Amino acid sequence: MLSKINTVGEWYTNEPDTSWELPELNFDNEAKSAFESLELDITVSDSSARIRIAGSDNHAYISSQYFLYVIKLAPLSYLINKYLERFDQVVQAMIKPDDIAQFISARAASQSKISNIDPYSLTNFYDVFDVTTADNRLKAKEIINGYGKTATTKLRSNEDFFKSILLKALPIPNNSSGMLGALTSAFAKNKSAYNVLVDKYNAYLPHVFRGESGDELLFMILSTLGWQGKLDAELSSTSSRFADWRALDKAFLFSPTPVSGNSGYIEEPIHYHFPSHQYVHIKKGLLDTDELRESVSALISNLWDNMSIQKDDDAFFFKSSLCFDSKSPVFKGAANKIFYGAPGTGKSHKVHTIECNGAEKIVTVFHPDTQYNDFVGSLKPQMESSSDGQPVVTYQYRPGPFTNALVKAKSYPVKHVCLVIEEINRAPAAAVFGELFQLLDRGNNGQSTYKIDATDPDMLTYINEQLRLVGASELSQLEIPSNLSLLATMNSSDQAVMPMDAAFKRRWSFQYTDIDFTNPDVPNHNFKIVTSGGEYDISWIELAQIINDLLVDCNVAEDRLIGPFFLTEKEMNDDSIAKESLSGKLFVYLWDDVLRHIGPKKIFSPQFKTFGKLSSAFRKDNAVFNSLVEERVAEKGRKIEVAETTKDATE
């Protein structure tokens with residue numbers, strides 16, 4: 001659908017001056033290479049570009065802010081190009097400028113020269129290309145030049161017409177407009193370069209759209225998505241007058257005319273739905289509450305990457321989700337915390353779902369070979385091609401998880417960032433942290449008490465390069481900000497654990513994760529356990545608690561007991577799989593890790609001297625537990641009678 005040019009142009013002309021306060025960008029090598037592929041004679045430097053004027057010996061320098069104009073004007077650029085696509089259909093059908101002008105002036109009833117266009121779009125098409133008035137195209141130049149005024153009627157180039165409309169929406173002087181128009185037009189023709197521009201620098205833009213009301217903002221967003229064909233997947237072809245938008249009831253209204261005729265919906269359409277040949281209108285009030293706004297923002301983020309809807313006291317904004325609001329409070333209170341406990345108690349689950357709820361996460365796993373360079377980063381070789389095409393080895397700084405987390409936290413101080421370290425004691429933690437050890441001391445607000453000089457200048461250079469890209473303050477020394485939490489898990493019963501020295505442990509808080517079989521999320525399954533007194537049916541929860549109670553009686557440390565999530569739902573959802581899980585996972589853990597110093601007979605029958613014989617006997621449905629376990633299984637379980645067993649075997 002072709003929306004009205006004037007309506008869209010006013011999105012920009014009505015913006016306050018603060019909307020055009022754009023920061024200076026710093027272009028990296030990837031950006032320079034992408035931008036120099038534009039159909040312009042352009043050379044890009046660190047924060048500006050030099051463009052040679054086609055057909056002359058002149059050139060012009062433009063600031064990096066021009067590139068942000070390109071991103072902001074992209075919706076209007078897209079709409080103008082949709083108009084020009086339709087105009088080119090007429091040109092191809094009629095060729096002569098006078099005939100084209102007469103066709104548009106007469107607003108010919110036949111639409112044969114413009115395919116697949118709805119009546120509303122056709123009216124807007126005639127309005128924009130009408131040579132008699134410029135009122136419907138922001139008073140920009142006409143594309144049909146000289147009709148009825150001179151002996152010769154000519155067509156301006158599409159690019160000239162494109163620039164003329166585009167620049168009427170901008171608060172810039174005429175002597176700057178031509179170059180900006182050329183730059184915007186070039187990006188419109190080069191999708192890969194435009195994608196690089198958006199991916200790297202969209203977060204610098206204060207916002208793409210600003211609306212005085214939520215309805216106004218949502219109309220802008222959905223209209224733009226409609227021009228790009230991204231709304232069709234959200235609109236099922238239906239004969240009903242209303243359509244839901246996922247969980248939003250009757251979010252869309254379908255109408256055979258471009259007027260909604262319903263006071264609960266915005267009057268102008270956002271889209272034309274060709275399958276039903278109806279116009280689509282959006283419901284009013286969908287951004288009126290925080291809950292609704294979050295729901296709509298999440299839906300739109302699936303259609304428009306890394307974008308979100310935000311609101312302050314004055315207006316509604318559509319901006320990059322990576323762009324933080326300087327008015328928002330900085331997140332404070334991050335901490336260093338280690339979660340420990342028996343295997344299967346849900347330590348990782350708690351960290352990921354509760355501690356990191358709503359936070360940005362970066363996850364790593366320590367192992368015996370983990371070193372400082374793995375955790376922090378280092379220069380590493382990579383293969384590149386030289387100017388003559390020959391392979392050469394170069395070196396590039398590759399950040400580790402700590403550096404990535406630090407950059408993210410410093411880039412967006414209003415967000416809580418969590419660096420999650422799984423199995424922190426499976427590596428020599430103090431050595432892996434190295435000089436960062438000193439940063440673990442934190443003040444009351446969560447920021448590191450001390451700062452340190454970076455021993456690796458390449459690390460600091462990399463960090464500052466990334467911070468410049470998002471307009472954040474650079475670092476002169478390393479620090480842990482108040483919004484960066486270090487959350488770790490550990491299990492001291494693991495045979496591969498490394499000792500932690502007291503100085504390192506003192507800088508962390510420790511939280512024990514209880515063995516809680518009452519948790520409703522604990523997977524459960526009934527096992528058939530053979531004893532010397534017969535076969536019993538017993539649940540996973542009962543069996544695990546019987547074993548834990550006997551281990552406690554043997555003075556086994558609490559973090560070596562069996563957690564409720566030691567076996568997963570998947571490992572117990574079938575009788576044969578459950579049997580293998582008991583033998584190949586639970587029994588192995590008990591035999592090798594828990595009972596190795598006190599003897600397997602504390603749980604298993606003393607007749608078994610090797611694990612192989614124990615496992616073989618269990619698979620053959622023989623009794624494997626000692627008399628104490630059998631007694632408690634008989635108490636807690638349900639005995640399976642012989643007749644019942646025979647019946648099961650015959651079924």
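Phe587 is buried, its relative accessible area being 0%, where buried denotes under 20% relative accessible area, exposed over 50%, and partly exposed the range in between (1.4 Å probe, protein chains only). The model is a predicted one, in which local features need pLDDT of at least 70 and side-chain atom pairs count only at pLDDT 80 or more, whereas totals for chains, interfaces and linings use all residues. Residues are numbered from 1 along each chain as its sequence is written, and side-chain values use heavy atoms, with hydrogens and water left out.

The structure holds 45 aromatic pairs, a pair being counted if the ring centres of Phe, Tyr or Trp (its six-membered ring) lie within 6.5 Å, with planes under 30 degrees apart classed as stacked, over 60 as edge-to-face and the rest as tilted. One of these pairs joins Phe27 and Tyr201, whose ring centres are 5.5 Å apart and whose planes stand at 85 degrees, so the arrangement is edge-to-face. This pair links distant parts of the chain, since Phe27 lies in the loop between helix 1 (5-13) and helix 2 (29-35) and Tyr201 in helix 9 (residues 191-201), 174 residues apart; helices (H or I, at least four residues) and strands (E, at least two) are DSSP runs numbered from the N terminus. Both Phe27 and Tyr201 are buried.

Phe587 and Phe618 also form an edge-to-face pair, with 5.0 Å from centre to centre and 70 degrees between the planes. Because Phe587 belongs to helix 19 (residues 575-594) and Phe618 to helix 20 (residues 611-619), the pair ties together parts that are 31 residues apart in sequence. Phe618 likewise counts as buried, at 6% relative accessibility. Elsewhere, ring pairs link Tyr83, Phe87, Phe103, Phe125, Tyr126, Phe129 and Phe161 into a cluster.

Charged groups are also placed over aromatic rings, a placement that requires NZ of Lys or CZ of Arg within 6 Å of the ring centre and within 35 degrees of the ring normal. The charged end of Lys311 sits over the ring of Phe316, 5.4 Å from its centre, and that of Lys585 sits over the ring of Phe566, 5.4 Å from the ring centre.

Ser240, in the loop between helix 10 (214-227) and strand 7 (242-245), counts as partly exposed at 34% relative accessibility. The side chain of Ser240 reaches the backbone nitrogen of Phe242 at 3.2 Å, while the C-alpha atoms of Ser240 and Leu253, residues 13 apart in sequence, are 9.0 Å apart in space.

How values were computed: Polar contact = N/O pair within 3.5 Å; in protein donor to acceptor, adjacent residues only side chain to side chain.
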